[in-house]
Amino acid sequence: MARLKKAVANLLNSPLHAIVGLDLLVTGLILLTHRRYFFWPPWPAWVMEAENGIAVGLIGVVVGLGMIYWALSPQKSISLNRKLIPTASAYFTLLAVTEFLHGFFAPLGTPHMYTGALSELIMTLITLYMAKTSPTRHNG
């Protein structure tokens, strides 16, 4: 029970890491299971193959699990944080740009790409806020 209380206390000290981690994890799992999420145009076919590939989904899953681990961990690794936040920010930015462009080319009446893009843009802004406020520097 004491371990659970400590984990909850750590989570409450780093709620944004947990929230962003959960979003990354779910997004990564969705992209792993929906291998035709992105479509052509606007990109050439080889870009769509890459974006619909396993790597994009796995990056989301791995970084999401890393964020959740960081939130639960009693020792907050600054080195790990320096890797997680920029990777999450770049990941959300890539998805936001791709989904906005796909929304432009999607058939009328299918707003799911715009709503997804807006959500990814909001997550990008949250990760940028985290980069500003989260511990990323060693004292000394």
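Reader: Is Asn-81 buried or exposed?

Author: Buried means under 20% relative accessible area, exposed over 50%, and partly exposed in between, with a 1.4 Å probe and protein chains only. Asn-81 has 0% relative accessibility and therefore counts as buried. This is a predicted model, in which local features need pLDDT of at least 70 and side-chain atom pairs count only at pLDDT 80 or more, while totals for chains, interfaces and linings use all residues. Residues are numbered from 1 along each chain as its sequence is written, and side-chain values use heavy atoms, with hydrogens and water left out.

Reader: Where is Asn-81 found, and with which side chain does the side chain of Asn-81 make a polar contact?

Author: Helices (H or I, at least four residues) and strands (E, at least two) are DSSP runs, numbered from the N terminus, and Asn-81 lies in helix 5, residues 78-105. A polar contact is a pair of N or O atoms within 3.5 Å; within protein, one must be able to donate a hydrogen and the other to accept it, and residues adjacent in sequence count only if both atoms are side-chain atoms. Here the side chain of Asn-81 pairs with that of Ser-134 at 2.7 Å. Contact means heavy atoms within 4.5 Å; setting aside neighbours within four places in sequence, Asn-81 is in contact with His-17, Trp-70, Pro-86, Ser-134, Pro-135 and Thr-136.

Reader: Which residues of helix 4 are buried, and what covers them?

Author: The buried residues of helix 4 include Val-56, Gly-60, Val-63, Met-67 and Trp-70, and their cover includes helix 1 (2-13), helix 2 (15-33), helix 3 (45-51), helix 5 and helix 6. The expected span of a helix is 1.5 Å times one less than its number of residues, so the 19 residues of helix 4 (residues 54-72) should span 27 Å, which agrees with the 27 Å between its end C-alpha atoms.

Reader: How many helices and strands does the secondary structure of the protein come to?

Author: The protein has six helices and zero strands, and its C-alpha atoms fill a box of roughly 50 × 35 × 25 Å, taken along the principal axes. Of its 140 residues, 37% count as buried.

Reader: Is Leu-125 buried or exposed?

Author: Leu-125, found in helix 6, has a relative accessible area of 51% and is therefore exposed.
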